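Trainee: Could you take me closely through one part of this model, the place where two of its chains meet? I would like a single connected account that I can follow with the structure open.

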Amino acid sequence: MSGFKLPYNLIIAGVGGQGNVLISQLIARVFIRKGFTAVVGETYGVSQRGGSVMSHVRISRERVSAPIIPKGHGDLILGLEPMESLRILRDFGNPGIFTLTNTRPVEPIDVISGNLAYPDLPAIMRAIETLSNQAWFVPASKLALEMGNSLFTNMIMVGALIGAGKLPLTEQNFVDILHQYMPDKTFEDNLAAIRKGIAAIEKTSVEKR
Amino acid sequence: MEKQTASFETITGNIIGNEGCVRCGACVGLCPYLTLYNGTIVFPDKCDLPEGRCFGFCPKAPTDFDEISRELWHAPYTGSPLGTYSDILIAKRVKIPASATPQYGGIVTALVEQALLSGPYKAALVTQWKERSFPGGVVIETPEDALKSAGSHYAGAYSLAAFNQYRQRHAVPMAVVGLPCQTLAVRKMARLNHPRNPHTGSDNLVIGLFCTWALSPRLFSHKLSEWFGAEKPGRFDIPPPPANRFEAFLKSGKKEIPLDEIRPLLNPGCRTCLDMTSEFADISVGAVEGMPQWNTVIIRTEKGRTLFQRLSDSGMIETGDLPSESLSHLAFAAGQKKKRALAAAGEEPRENSAAILSEQARKTILQNEETGDNPL
Amino acid sequence: MKHAHPITLNEPGRVELLMGNEAIARGALEAGVRVAAAYPGNPSSEIIETLAKAADPARLHVQWSVNEKVALEVAAGASFFGLRALAAMKQNGLNVAYDFLTNLNLSGTGGGLVLIVCDDPGGISSSNEQDTRYMARLTDIPLLEVAGFEDARDMIPYAFDLSEAIGSVVMVRSVTRISHGRGPVRYGPLPEISGTPRFVPGTTFVPFPILTKHQKRHDAIKRLERDFSDAPFNTYTGPDTPDLIIVTSGIGYLFSQESLDLLNLNGRVGIARLGTTWPLPEKWLSDILAKSQRFLVVEEIDPFLEGNLNEFIGRHPSLQRGKRVFGRQTGHIPDVGGLTPEHPLAALKTLLDIPYKTRPDSYETLVESESAGLVIERALGFCPGCPHRASFWSIKNALAKDGRGGVVTGDIGCYAMSMWPSGYQVAKTLQAMGSGAGVAAGMGVLGPMGKTQPVVAVCGDSTFFHAAIPALINARFNASNFVMIIVDNSATAMTGFQPHPGTGMTCMGQPVDPVEISDICHSLGVDVTILDPFNLEETEETILAALREKGIQVLIFKHMCALIEFKKAGRHYVMRVDSKKCIGEACGCDRYCTRVFRCPGLIWDPISGKARIDEAICTGCGVCADICPENAITREEA
């Protein structure tokens, strides 16, 4: 697993209501189960109502890290929304960072209401690509809707994280944890979503640096 | 990236907010941003369109008097005291129905009745107050309803709001009764090039009223309930100077109020109005000095002439000549109003000097004879 | 998830990923807490929510109290009966409880009594930024500061022991970054719960004689200056003779560690981490101060530790020579706001003159050029279908129609967003819980001095119970004049839907008769009208009528929080926009529903130039059908 230095700084970027909190907890639990130490830093409160939300997951051995990643020290961004991925890259990016992002925008209220335009999506994606060592764009929302429920978006992104191969994570790691917390049917659906995410990662993209 | 809110902000800020509004109602009834409530205009939210109908219709927004004059008479606006007309005479209704409380000779009501009887006008905009807390515009479709509206209210009643609303549903020719500001607005409405203008190409008949000034509907009706409680006067009058009083006619009799108590209720926007006799109407109607049973009638356009002719032919009214002394007094008063308005406009912010006048018209107005008489 | 909070497992050694507040709750369980009370408030709410999962009437009583003062009183009641008890609150809550606390300190306690206060540096989910540590010192009670997740568990049993040892309430302070962060926590054993509550005959808990009791507190603090030198939460790591020592507490500890790692300073700089920040441990701190000449204090929020450290040095002439203390007072860390890892990093760079760049200049340039104009802000707003939107829509319209320049006093809750575009910028004042009513009561007596503007107070249901009732009684007593609008969404929605007296359910899941807000108001002899704010016309007319009345008019706008109602009952209506009727941006509408009404369930489609419904998030409340000027929005029963 090249590039897995500790502490490993993972940022989950999204919008209030997208489920950052659950993903960050899930990933942290998986690592704790694997014998690592993990901490999660989250923004709560009014950010639940349509604001930008980010969760920091920091993985280490023994020593507990601060729950907030220093600026410019992100190792990987798991973005549930493209503009949010770029927002996080601006503050936490560096030439070595990896970015996985869902491609479906969640429009801010000022865009919904027609007062502002959502920034040009291809330009956002180009910027993400330029500012990342390697970037993956996953149509997770689309795939989730194909599965019949937009709620699967998160698990598809988790699958993409496994598939990207930058972290020592396997499908089995998540199977163990998810099974604990879910009824069988839900578990099967979530596992299917993870598999869809793994498959969605393009193996062809190359590291720049 | 907020857009400029030129139209709406000018209306609500410069005109209404800066006391330039004359309560004509031309901007109301078109959208949720400018609405009426209890005799006043309210605007809880901002519209951000740069070119709204509100601004295009408003008689206090910049208005080229020459253009409107040319359209009606193929001649520029001269600034003469009574405007352009072909005839001026007096008239009165032969028999006034007992239920009505018309002003002077009852000619306005008769004209409305006639317009609806002989067409092509399918509806008429009038102002009503009886059975309402505040005066307001009402569209009537039968001659019988005309009588209910008789009597002057002395209040700018936003009646054009009802005109706007009706026109959005019914594209029919209408007879519109209005104060000078409202006759001007009706002309602007017909002219405005706007995709959603409900008045585009409308063929209206405009019956203009004489007006020295108008009162704020909300302030006036609050004052009335203060003075008279629940009882509402049938009509009002201001006898010529030096009476210096305002008269209200109630069931219990005539009540007199000193003009000084009326002045604070005045629409400040009326100070800059150039027009006393509804110069852009097809036909204008007002009082006759010293002849309380009669109306002065000014026939201005062919349309006005046709209607008045039909009314005469119907035998409903009798007519006579306006005494030359009355004519000169009327012209003098109208000229004085123009002069005062021009002076007042000079003191206002530029954007409130709504009338765009030629140098010649301006000169004509200023050359009107001096007087010490200034009723309000 | 089946066991989202396996907080009750008696499995010593088990490691769980816990939120700081959950770790505090676990610590309380391990300490054998019997009564826990709180009023919800971020970032403290999860302490009680977690404890509620372990609640059991015979062993552990957990409650949402109506306010923080009552919560602390409830906990004190249990303490007076010899039980271990805790009260939890956010910083604003301590202000509410403070009157009680400043007498409780003198009267003393029975069973261990721990007061947990979670400060919110930066005011992330608060109406203010406030460092409550001063209030512990002011009250002569010991102050412990949680510095991490494991700490949060460890410190609570210690605090209970300490409370019982000194017969005083003990304050434990956490902050947002710990309370709402998550980290691994190793479980200790859960004790056997036993013992019957008993008020020991002959004991008293009174502040009298005052001076004797005050002296007793000062003596206890003196004793702790000595004893805290052995406290397990005061640690020093680093070289014996460091160039500089970071003195820190709370989240500052982890950020300081991070800074030393990043700057490679572990050999030059030491970290003295204080868990007992009041009183300061005399001997321990003297030893630390002897190690170096320069000290950087890293703390949230105000320079509490920094000031106390300077005072400590001033009291110890032997320590004075050449000592320099840096921190917020010296501008090495910003004056206000929460800490980030960058703060100690920047201070160390300055103090030790270290060149350090997080990322190359070329990348900084790239960030600027590539992302320019591509990231826009996300404004906060009411949820789709929120009854508050409808309420403030009508309040806004009614005030415009009334035309006298009416003033709206706001209050704390989701509806505080009414000062922003989502609530049409209706509210013009905002202070503490219940202040909307109190401030309105003051405005409402100004009529005889010529005030013409009507006054409207807005208050939520939970806020009403918390602090608005005395203000309302006061208003009634002093013949004030205003309209009090209670936006009753049957929830403490802002902080996560905790039950309150009006909801008919306790936090232990026990059904109780709801306390009716209208009954309380009726009993005061004020006029009460209850209506559904989704009925826009009636709501607006009712407000307009109330504005014309004298005295106090209470209007209860009752409609369940959209998030709860949608979960419970689904969509009431299926909404559609008739695109033939929708005139979009044209004069006469100008995107009235999307631009002005601003429900996120309504989307402006710039391509078609029409509005449409976002079926994924529309809750089907039906209100937008009533505001469309062209009647283009239709509703059908779902």
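Mentor: In this predicted model, the contact draws 60 residues from chain C and 71 residues from chain A. The area buried between chain C and chain A is about 5500 Å², and carbon and sulfur atoms give 60% of that area. On the side of chain C that touches chain A, at least two residues each come from β1 (15-19), β8 (182-186), α9 (252-263), α13 (361-371), α20 (592-597) and β21 (602-605) of chain C. The largest share of that side, six residues, is supplied by α9(C), and by class the side is made up of 33 nonpolar, twelve polar and 15 charged residues.

As for the chain that carries this surface, chain C has 21 helices and 23 strands, and 58% of its 638 residues count as buried. Its C-alpha atoms fill a box of roughly 80 × 75 × 60 Å along the principal axes. Among contacts in chain C between residues at least 6 apart in sequence, 78% join residues at least 24 apart.

Key
Residues are numbered from 1 along each chain as its sequence is written. Chains are lettered from A and ligands numbered from 1 in the order in which they are written. This is a predicted model: local features need pLDDT of at least 70, side-chain atom pairs count only at pLDDT 80 or more; totals for chains, interfaces and linings use all residues. Side-chain values use heavy atoms; hydrogens and water are left out. Contact means heavy atoms within 4.5 Å. Buried area is the accessible area (1.4 Å probe) that two parts lose on being put together, summed over both. Helices (H or I, at least four residues) and strands (E, at least two) are DSSP runs, numbered from the N terminus. Ala, Val, Leu, Ile, Met, Phe, Trp, Tyr, Cys and Pro count as nonpolar, Asp, Glu, Lys and Arg as charged, and the others, Gly among them, as polar. Buried means under 20% relative accessible area, exposed over 50%, partly exposed in between (1.4 Å probe, protein chains only).
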